[in-house]
Structure formats: structure tokens, C-alpha cells
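Here is my note on the model you sent.

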Amino acid sequence: MEGKAFDRYVNLDSIADGFFRDAVVEHVSVYCEVFDERLVSVYVWGSVHRNEAVPEVSDLDLHPFVIDAVTDADRFQLRESEASLRREFLSLHGLVTPRSVDRVSEVATRLCHDATLVWGEDLIKGIEIPPPDPVEAFRDPRELVRFAAGLLEDNTTDFSLPEEPSLRLRKLGRLAVLGGGYLLMASGSRYSLKGSEVLPLLEEVSPDWRGFLRRTSEIYVHPVQPSESEVDEYLSQLVEWMEWIKDQMQEKSAVAGT
């Protein structure tokens with residue numbers, strides 16, 4: 001099984017950071033041990049897929065799939081197998097419970113447009129899957145920014161922001177990239193949520209925001225050590241950025257409807 005498992009790794013070279021590349025291999029090895037022939041595919045998404053992950057800051061977001069339903073015994077063995085991970089990878093919380101392949105449709109859009117296959121069979125190969133509705137997808141990042149700025153009483157999203165200033169500023173920068181990515185998608189550009197692809201395009205199409213976007217490029221991956229006033233200043237600009245994106249999307253929708 002070990003040789004077969006090794007032969008089924010794919011796209012590892014697309015993960016630029018060696019720490020996270022090794023982490024993927026270690027976690028997939030555990031899935032292979034626990035599920036053996038039942039394991040079909042493993043994808044990585046989020047910051048590792050986008051090459052924006054930072055050791056001791058980022059999580060390892062995996063989407064593993066098996067051929068059948070996961071049992072309580074499987075879950076127990078998976079928890080027990082966490083001990084086999086090297087100590088430096090335990091904090092990544094990467095051992096999530098696999099989905100059955102008959103549930104791939106639940107995350108097909110993510111797998112197609114915001115994930116990388118790292119092991120096994122490509123479950124969406126040859127299937128045409130449209131990207132998400134950019135207006136709908138933009139709603140949560142905008143609502144989270146408005147909540148962070150005190151403009152909403154409750155956080156209605158499934159996400160949160162760190163309290164520690166450097167991590168909070170980093171996450172705010174990531175929200176700026178997400179908003180910009182959805183704006184580009186609404187404008188007909190190629191779908192991407194990678195800052196390395198989104199930010200240069202945004203500078204071209206929105207030169208008035210160039211200063212804000214260049215500041216975003218400095219903070220959205222590697223944490224800096226800001227003062228509270230710097231975080232507040234960036235958040236204020238981010239609120240304006242998100243509202244500008246909302247207005248741009250509404251204008252595009254109005255033009256499309258005429």
C-alpha cells in the first residue's frame with residue numbers, strides 16, 4: 001500500500017512552501033493508513049492551495065474522499081492516528097473526516113475553482129462547473145468587514161477575525177483580496193482568489209485604489225506588527241473598498257439588465 005500511495009501523489013510541486021508540502025504528505029499518509037483502498041482523493045484548498053500559507057499561522061485545509069460512508073470506528077481510528085503525525089504538524093488540525101464520493105457535489109465548486117488535487121483521482125475531471133455567483137459570494141466578506149468596523153451589531157457569517165493585531169490585519173488584507181477577486185469575476189475576468197493573481201489585475205482596473213492595494217499586498221500573507229491605530233486605519237479603508245466593490249457590482253448588474 002505504501003508504494004501505491006506514494007505513486008498517487010500529484011501536484012505537490014504546486015505547493016511552494018516546503019513545510020506545507022511535507023504536511024500534506026504526512027496527513028495523506030495517515031488517511032492511507034486508516035482508509036486503505038477506500039481512499040479515493042485528497043484535495044487541498046484555502047491558503048495552502050493559494051500559496052499564501054504561513055507556518056504557525058495557517059491551517060491545513062484538506063478535502064479527502066472515500067468510496068463509502070465514514071463509520072464511528074473510522075473516526076476513532078483517525079483520532080488515534082493523529083499521534084503518528086510529527087509534532088510540528090499537530091497544530092495544523094488537518095485531519096478532517098473524509099466525505100463519501102457521493103457527496104462531492106457539496107464542494108464541487110470549491111474543488112474546481114479554489115483547490116488543488118494532491119492525491120488520487122480527480123473527481124471533477126471533465127465536468128463543467130461554473131464559478132460561484134460573485135454577488136452572493138461577496139456577501140459574507142463584506143458583512144464580516146462591516147461587523148468588524150462596528151457597522152453591524154451581529155456577525156451573521158460563519159467566519160471570525162483574530163483579536164491579535166498582526167493576525168487581525170493579515171485576515172483583513174485577505175478579505176480585501178477576496179472582495180477584489182469577486183469584483184474581477186463579476187467583470188468577466190478569469191476566476192481566481194489568489195492574491196498573486198488578483199492584486200496586479202486590480203491595480204490595472206482600479207488605479208485610484210493603488211495605494212490601498214499595495215498596502216494589502218504587504219499584509220495579506222506574512223504578518224506584520226502593526227499598532228492598533230494602523231489596524232483601525234486599514235479597516236476604515238477596507239470598509240470603503242468593500243462599499244466601492246458593492247457599488248461596482250450593482251452598476252454592472254444594472255447594465256447587464258438593460
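1. Start with strand 1 (residues 39-45). Six of its seven residues are buried, so strand 1 is largely enclosed by the rest of the structure. Keep in mind that this is a predicted model.

2. Which order do the strands of the sheet take? The order is 3-2-1-4. The sheet is open, has four strands and shows mixed pairing. Its edges are strand 3 (99-100) and strand 4 (115-120), each of which pairs on one side only.

3. Strand 1 pairs with two partners, taken here in turn. With strand 2 it runs antiparallel, over six bridges. There, Tyr43 stands opposite His63 of strand 2. With strand 4 the sense is again antiparallel, and five bridges join the two. Ser41 has Gly120 of strand 4 as its bridge partner.

4. Now the parallel part of the sheet. Strand 2 (residues 61-66) and strand 3 run parallel, joined by two bridges. Val66 is the residue that stands opposite Ser100 in strand 3.

5. Next, Asp74. This residue sits in helix 4 (residues 72-81). Is Asp74 buried or exposed? Its relative accessibility is 6%, and the cut-off for buried is under 20%. Therefore Asp74 counts as buried.

6. What surrounds Asp74? A polar atom of its side chain lies 2.9 Å from the backbone nitrogen of Thr71. Leaving aside neighbours within four places in sequence, Asp74 is in contact with Val34, Phe35, Arg38 and Ala69.

7. On to the largest pocket. Its volume is about 1300 Å³. The elements that give two or more residues to its lining are helix 3 (46-49), helix 5 (108-113), helix 6 (134-148) and helix 7 (165-186). Which of them gives the largest share? Helix 7 does, with seven residues.

8. Look at the pocket residue by residue, too. The lining of the largest pocket counts 35 residues. Nearest the centre lie Trp45, Arg50, Phe159, Lys171 and Leu178. By class, the lining has 16 nonpolar, 14 charged and five polar residues.

9. To recap for your figure legend: the sheet order is 3-2-1-4, Asp74 is buried at 6% relative accessibility, and helix 7 supplies the largest share of the lining of the largest pocket.

Conventions
Residues are numbered from 1 along each chain as its sequence is written. This is a predicted model: local features need pLDDT of at least 70, side-chain atom pairs count only at pLDDT 80 or more; totals for chains, interfaces and linings use all residues. Side-chain values use heavy atoms; hydrogens and water are left out. On a 1 Å grid over the protein atoms alone, a cavity is a set of points where a 1.4 Å probe fits but cannot get out, and a pocket is an open set with protein on both sides within 12 Å along at least five of seven lines; lining residues have an atom within 4 Å of a point. Grid points are joined across faces, edges and corners, and a volume is the space filled by probe spheres set on the points. Ala, Val, Leu, Ile, Met, Phe, Trp, Tyr, Cys and Pro count as nonpolar, Asp, Glu, Lys and Arg as charged, and the others, Gly among them, as polar. Two strands pair if DSSP finds at least two bridges between them. Buried means under 20% relative accessible area, exposed over 50%, partly exposed in between (1.4 Å probe, protein chains only). A polar contact is a pair of N or O atoms within 3.5 Å; within protein, one must be able to donate a hydrogen and the other to accept it, and residues adjacent in sequence count only if both atoms are side-chain atoms. Contact means heavy atoms within 4.5 Å.
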